[in-house]
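Hi everyone, thanks for coming.

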Amino acid sequence: MTKQKVAVLGPGSWGTALAQVLNDNGHEVRIWGNIPEQIDEINDQHTNTLYFKDVVLDGKIKAYKDLGQTLDGIDAILFVVPTKVTRLVAKQVADILDHKVIIMHASKGLEPGTHERLSTILEEEIPADLRSEIVVVSGPSHAEETIVRDITLITAASKDLEAAKYVQAIFSNHYFRLYTNQDVIGVETAGALKNIIAVGAGALHGMGYGDNAKAAIITRGLAEITRLGVKMGANPLTYSGLSGVGDLIVTGTSVHSRNWRAGDALGRGEKLEDVERNMGMVIEGISTTKVAYELAQQLGVYMPITTAIYKAIYEGADIKESIFNMMSNELRSENEWQEDKK
């Protein structure tokens with residue numbers, strides 16, 4: 001593929017790691033952010049020490065404070081901003097953009113209030129004549145590993161297979177591989193909802209439970225993620241893939257996961273406000289828990305793990321008691337898909 005100009009909106013850990021992948025592949029990468037000191041550091045020191053202490057970025061990666069300059073003549077835009085500001089940034093992009101581009105996002109969450117997926121937000125805010133079908137970049141990936149070029153396999157999902165193949169081509173190399181998928185609903189819901197289960201898995205660890213409990217919550221967590229996603233229109237097979245069980249494993253078992261670390265701290269008895277302050281980064285699983293709980297109530301979907309975590313975070317219930325009750329009381333058939341059809 002010829003050299004592409006790609007704007008990465010959001011110089012967080014994942015945005016920075018993906019920018020490096022694109023740069024490794026010979027593309028022109030522009031990172032945009034709204035913290036002047038961070039932008040200056042990337043340009044002057046070629047580091048982003050807020051997220052990576054010992055990583056030096058290629059000097060070809062340029063950071064911008066001005067969104068207009070960032071988007072000038074660009075071929076593709078990658079949104080990697082927190083869920084809660086995706087709509088705001090998309091509005092800003094729509095106001096500035098003057099030509100058609102490929103639109104991608106690599107964030108994982110559901111919008112509070114509207115319950116909307118991020119691709120839906122981007123579709124609503126960016127006019128169709130200025131963009132492709134949205135491409136979702138999602139899967140089992142820790143930025144801390146991708147930034148040191150560890151092997152990573154994820155998914156590029158879009159209703160338009162050609163758009164997904166374009167994203168697959170600009171990102172894929174010897175250590176970073178993308179597989180295409182057209183189940184946007186499945187890929188997005190899997191990426192968002194697994195963060196809730198990761199909080200629960202971390203809480204079990206913080207409470208002192210071992211691998212048996214970890215396997216239980218991940219497996220039953222996958223079941224309830226799938227139930228909600230299918231109700232929303234997803235293909236159940238997606239949850240068996242990279243963006244489903246793959247992402248759930250990597251997020252629900254690793255200290256690299258901020259959602260797992262947040263749950264671990266809650267399980268050890270720390271208060272939520274202290275956990276959020278000490279983390280210093282967005283914990284998407286916290287806000288996604290509320291959205292998923294509300295969706296489950298609205299759609300009539302059984303989600304006991306999500307409910308337990310919701311009650312602990314938003315209703316002040318003791319997280320140890322909530323999770324213990326959830327793990328103790330769930331008596332169901334494992335082959336629930338067959339039972340539901342009876």
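Let me begin with a term: a salt bridge here is a side-chain nitrogen of Lys or Arg within 4 Å of a carboxyl oxygen of Asp or Glu. Arg117 makes one with Glu188, where the closest N and O atoms are 2.6 Å apart.

A word on the background. This is a predicted model, where local features need pLDDT of at least 70 and side-chain atom pairs count only at pLDDT 80 or more, while totals for chains, interfaces and linings use all residues. Residues are numbered from 1 along each chain as its sequence is written, and side-chain values use heavy atoms, with hydrogens and water left out.

Now the layout. The protein chain splits into domain 1 (5–182) and domain 2 (188–328), with bounds from an automatic or database domain assignment. Their C-alpha centres are 25 Å apart.

How many residues of domain 1 are in contact with domain 2? There are 27, and they meet 25 residues of domain 2; contact means heavy atoms within 4.5 Å.

Next, the buried area, meaning the accessible area (1.4 Å probe) that two parts lose on being put together, summed over both. Between the two domains that comes to about 2100 Å², with carbon and sulfur atoms giving 63%. Of the area that domain 1 buries against domain 2, Leu110, His115 and His142 supply 31%, more than any other three residues.

Finally, back to those charged pairs: the rule finds 2 salt bridges across this interface.
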